Amino acid sequence: MKVIVTGAAGFIGGHIAKTMLKLGHEVLGIDNLSTSGKEFLPILIDLGMKFEKIDITDEQGVENVFASFCPDVVFHHAAYAFVAQSFENPDFVKKVNELGTKIIGLSCSKHKSKLVYASTSAVYGDCKSPQHTSDKASPTSPYANSKLNGEIIIEKIKQNQGLCAIGLRYFNVYGPYQSTAYGSVIPTWFTCAKNKESIKIFGRKDISRDFTYVDDVVNANIKAANILKEKNNHHEIFNVGTEKSTSLNLLSKIIKNICKKYSIDVKIDSNNYPARKGDVYKLLAGDKNILKNTKTIDINEGLEKSSWFYMKEKK
């Protein structure tokens, strides 16, 4: 099978590309390398991935790649994913996440490629937990709003031009190769621990998340692609989570315990800090979870599997 992965040099896209290569598929990665690529990309190229440095908002560049490669499936994960910074750059967020998704969607429609694309649980906002796909979306940041609009754009393409697609609303993905740049709590806290800095909890300590290990997210993408094999002119949204909740207070204690094997005594700051702009209180995957009835990786195991990446010596 011929596969395109957008955002292939990034965290989730890179893991998808790596798995698809190991499964024997022909993979072409697309990335503009604006926020990623230093560590993951060389590994993928060594595994045989073809690579094109292209911005997904470059309509002609994207079309040229699709026309020459003719993908069977596209995993779309290129995005501007800085939640806090999205308040400062809403127009840029809109361009990348909405226009970029439209260009990818239209190319998939034109070339009859199946599309699996990344959305986010952030579209739910502060609605009652657990979050169901049938709940009214209430995004609290320009980032979350752009991802919701991306879903709407894909639906319109399906209705007007024809498209076979599945959108995946991810719940707090974590794992090796996740950058601290996006402000995600797990890489941030592991990095603080390594640098002998205290862990700070922003907002209420009982804020909770459905932390989902990246291997489970890769599995969700493969499941989605398999569903689409039997579909024509189809668009559907799924949640992607473990359906298990972990508070930030408990998370900090698990990380503190894991760091002991690296001879690091993690300090947890007891001060109260205001919640970050755009954060929500509780996130937990509800109905239409594509990983339902699938054994997922427990938060303790996932953090153990992630720790080496943040504790290793950086070159």
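The model is predicted: local features need pLDDT of at least 70, side-chain atom pairs count only at pLDDT 80 or more, and totals for chains use all residues. Residues are numbered from 1 along each chain as its sequence is written, and side-chain values use heavy atoms, without hydrogens and water.

**Exercise 1.** Work out whether the span of helix α5 agrees with its number of residues.

Solution. Helices are DSSP runs of H or I with at least four residues, and strands are runs of E with at least two, numbered from the N terminus. Helix α5 covers residues 142–160, which is 19 residues. Just after α5, G162 has a positive phi of about 95 degrees.

**Exercise 2.** Find which elements the buried residues of α5 pack against.

Solution. Buried means under 20% relative accessible area, exposed over 50%, and partly exposed in between (1.4 Å probe, protein chains only). The buried residues of α5 include Y143, L148, I153, I154, I157 and K158. The buried residues of α5 pack against α4 (90–111), β5 (114–120), β6 (164–170) and β10.

**Exercise 3.** Decide whether H234 is buried or exposed, and list its contacts.

Solution. H234 lies in strand β10, residues 234–240. Its relative accessible area is 17%, so H234 is buried. Contact means heavy atoms within 4.5 Å. Apart from neighbours within four places in sequence, H234 contacts K158, L163, C164, A165 and L228. Of these, K158 is also among the buried residues of α5.

Note on methods. The expected span of a helix is 1.5 Å times one less than its number of residues.
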